[in-house]
Amino acid sequence: MKCRKCDGEMVTAVENYKYDASGLDNLTLVGIEVRRCQNCGEREALIPRLDELHRVVEVALAVKRERLLPQEIRFLRKGLGLSSLEFAKKIGVDPATVSRWENIESPLAMGKSAERLMRYMVLHDEPVQSYALEDLAVEEPQPKRQPRRLAITPKGWCQEAVA
């Protein structure tokens, strides 16, 4: 296969890949095929079952105990298939509020109620009146940016334990 950038030869290897294109800076895919150009160093990851991968990440974020970080809020909103304007309208806030949640580096910018609602929307994709909000209590300690490693298995994507 030829490189799109320089027309050099691409070599394929199985390796870990930092998946920055997701918008999350702490996501590593374990043991996937990555093509690398021997001339210019251009990299191209072959990510199987991308929709399934994103769903696994969405669920992992929705059930984590720490508060959501701005980039995680953006990832989940996009996973819901909503623009920031549509999301704001759906949950009853001003569009500028959604922008603050996704761009201000304070993990506490989004209130607990809105965060719980977002988590339920991600997990259940059901009408708001059917959400049992008490199930998604969030702990108070400051959130930590924890590495997330995902591996493809014959059964699909799964989160690896991080030591």
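**Exercise 1. Which residues of helix 2 are buried?**

Solution. The buried residues of helix 2 are P70, Q71, E72, I73, F75, L76 and R77. Buried means under 20% relative accessible area; exposed means over 50%, and partly exposed lies in between (1.4 Å probe, protein chains only). Helix 2 spans residues 70-79, and seven of its ten residues are buried. Helix 2 is thus mostly covered. Helices (H or I, at least four residues) and strands (E, at least two) are DSSP runs, numbered from the N terminus. This is a predicted model: local features need pLDDT of at least 70, side-chain atom pairs count only at pLDDT 80 or more, and totals for chains, interfaces and linings use all residues. Residues are numbered from 1 along each chain as its sequence is written, and side-chain values use heavy atoms, with hydrogens and water left out.

Next, find the partners. The buried residues of helix 2 pack against helix 1 (50-63), helix 3, helix 4 (95-103) and helix 5.

**Exercise 2. Describe how helix 2 meets helix 4.**

Solution. Start with the axes, which are lines fitted to C-alpha atoms, for helices over the stretch in contact; angles run from 0 to 180 degrees between N-to-C directions. The axes of helix 2 and helix 4 come within 6 Å and cross at roughly 125°. Now classify. Angles under 35 degrees count as roughly parallel, over 145 as roughly antiparallel, 65 to 115 as roughly perpendicular and the rest as oblique. Helix 2 and helix 4 are therefore oblique to each other.

Then list the residues. Contact means heavy atoms within 4.5 Å. P70, I73, R74 and R77 in helix 2 meet V98, W101, E102 and N103 in helix 4. This contact divides into four nonpolar, one polar and three charged residues. Here Ala, Val, Leu, Ile, Met, Phe, Trp, Tyr, Cys and Pro count as nonpolar, Asp, Glu, Lys and Arg as charged, and the others, Gly among them, as polar.

**Exercise 3. Classify the crossing of helix 3 and helix 5.**

Solution. F87, K90 and I91 in helix 3 meet L117, M118 and M121 in helix 5. Five of the residues in this contact are nonpolar, none is polar and one is charged.

**Exercise 4. Is S83 buried or partly exposed?**

Solution. Locate S83: the loop between helix 2 and helix 3 holds this residue. At 32% relative accessibility, S83 counts as partly exposed. Along the chain, S83 and P95 are twelve residues apart; their C-alpha atoms are separated by 9.9 Å.

**Exercise 5. Which residues have the most contacts inside the largest nonpolar core?**

Solution. A nonpolar core is a set of buried Ala, Val, Leu, Ile, Met, Phe, Trp, Tyr and Cys residues joined through side-chain atoms within 4.5 Å. The largest one has 29 residues, and V57, F87 and W101 have the most contacts inside it. Helix 5 gives the largest share, five residues. Take V57: not counting residues up to four places away in sequence, V57 touches L24, L27, F75 and L150.

**Exercise 6. Trace the hairpin of strand 2 and strand 3.**

Solution. Two strands pair if DSSP finds at least two bridges between them. Four bridges join strand 2 (residues 27-37) to strand 3 (residues 43-46), and the two run antiparallel. R36 stands opposite R43 in strand 3. Five residues lie between the strands, and G41 in the turn has a positive phi of about 85°.
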